[in-house]
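This report describes selected features of a predicted model.

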Amino acid sequence: MLVCKDLRKTYKDKTVVNGLSFAVKEGEVFALLGSNGAGKSTTIKMILGLVKREEGEINVRENIHVGYSPETPYFPPFLTGKEVLCYYGRIQGMSKSEVEEKAGELMEVVGLEDTKTRVKEYSKGMLQRLALAQALLGDPDFLILDEPTAGLDAMGRIEMMQLIQKLKRQGKTILINSHILSDMERVCDRGIIIKKGMLLGTWDKNEDNKGKSLEDIFVEYIGGVEK
Amino acid sequence: MMIAITAMKEKVRRKDLYIVGILGLVLVLLFCSGGGTITIDGEPISGYKNLAPIMLILINALGGALAIALSLRTIPNEYERRTSHLIWIRGVKQWRYHAELTIANVASSLIATGIMYAGLAVLALVKNQGDGILRMVPAFFVLAISIAIVSVLSSVLSIFLPSMAAGILAGGCFAVGVLHSILGMVANTIGGFSGNLIKIVLVILPDLHGIQKQAGNLITGSAVDAHVIWKGLLTIYILTIGFFIFKKKEA
């Protein structure tokens, strides 16, 4: 679905992504793991073409629709959640009737049944759900979720993870960037661990991890407090 | 046009648009409410035919300043709050994105100018010139060309320049535009290198005063120089090429 080779990005003198390579297979949930400032969001933005890469190759399978949920979503504050979905749906070429129907459906899917509240009154968690809903417009084959659980309370996180699992069961390929390891271990199949934009190691749920949790593997690679 | 409509709605919902517009209207009315004793061609200066063009000068100046204020931050704001991300990933071309935001800028600038322009209708009614109200409609469309030039220029500059620099440059062009005829006289008077330099600047920059003058001529029933209006429309057309030339490297 996605192959990234030797990605590199520098801001002024600081290299934020340094020779990063990885591949995401169709139908899997893939995690980009790393501490804050590891280069996860920049990598995602390079994949989406929002940030220019200096070196490297990005190959996304042709003729697929990609959905993106940003880390800090900003939506026109005076619109209701449903109107936001209609707005983005129309921009991506959906017909008015099609988008009206789909918006209502997606509001239910992400658990935002109150369609009359304006976005300016939304909590952080509601904004994250709306961000996911707009990413699902047009039934994308490949979903890129940047910190989908950032700012969510415990219940919100659980519901978001359940939603991601549901999308996985529907056959969606998902790339998630997060530093909440317990969440990632639950929903992801594979992942890479990065630090300062460099690949430190890989993690595969289906491989023999010798009884180690994702947290143990992460600490081994990144380096942390001795147990 | 979804982006333009939504950006427009966002601006229209902001109360400052109306507050500034109404303050401008009050200012225009206050300025023009005094009774003068001077006459021009036998008509008192406070008469409708003399006062209307003066009001238009004020409306054009205030409307232009408002157009800069309303247009300067729209595009940079989209990139700062990263609204641009969800637009770019949907395959919307940059020129279209920026053009739609500019349409919202022009529309909101015209609404603010329109509020002030309502002062002219009040003046026409006060001066028993009710018939002149009909002529004010096409005159507004002519005046709109001047406001649109300032708004489009500010928007295009804001794509590639920091807000401060874009504001100074747009403000400078606007000032030259409204002082076009005065600067023309200055250029002819001083002559030499400086005079020629001013003349070159005046050829490049739009004659906003000339456009506003044609709007005044429409209101007072005087002859209109269509050439100036066409030049104004051509300026807008040329400015829109900026959407294709100036692009953001990253969202």
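Which element supplies the largest share of the nonpolar patch? That share, three residues, comes from α12(B). The patch covers about 740 Å² of surface and is made by B:Trp95, B:Leu234, B:Tyr237, B:Ile238, B:Ile241, B:Phe244 and B:Ile245. Two helices of chain B, α12 (226-240) and α13 (242-245), each contribute at least two residues to the nonpolar patch. B:Ile241 is placed in the loop between α12 and α13 of chain B.

The cysteines form a second topic. A disulfide is a covalent bond between the sulfur atoms of two cysteines. The count over all chains comes to zero disulfides. A:Cys4 is in no disulfide, since the nearest cysteine sulfur, that of A:Cys188, is 16 Å away, whereas a disulfide requires sulfur atoms within 2.5 Å.

| Residue | Relative accessible area | Class |
|---|---|---|
| A:Cys4 | 1% | buried |
| B:Cys173 | 16% | buried |

B:Ile198 belongs to helix α10 (residues 192-204) of chain B. Neighbours within four places in sequence aside, B:Ile198 is in contact with B:Leu183, B:Val186, B:Ala187 and B:Ile190. The C-alpha atom of B:Ile198 is separated by 25 Å from that of B:Leu56, a residue 142 residues apart from B:Ile198 along the chain.

Methods:
Residues are numbered from 1 along each chain as its sequence is written. Chains are lettered from A and ligands numbered from 1 in the order in which they are written. This is a predicted model: local features need pLDDT of at least 70, side-chain atom pairs count only at pLDDT 80 or more; totals for chains, interfaces and linings use all residues. Side-chain values use heavy atoms; hydrogens and water are left out. Patches are made of residues with over 30% relative accessible area and no salt bridge: like charges are joined within 9 Å, nonpolar side chains (Val, Leu, Ile, Met, Phe, Trp, Tyr) within 5 Å. Accessible areas come from the Shrake-Rupley method with a 1.4 Å probe; for residues, only the protein chains shown count as cover. A salt bridge is a side-chain nitrogen of Lys or Arg within 4 Å of a carboxyl oxygen of Asp or Glu. Helices (H or I, at least four residues) and strands (E, at least two) are DSSP runs, numbered from the N terminus. Buried means under 20% relative accessible area, exposed over 50%, partly exposed in between (1.4 Å probe, protein chains only). Contact means heavy atoms within 4.5 Å.
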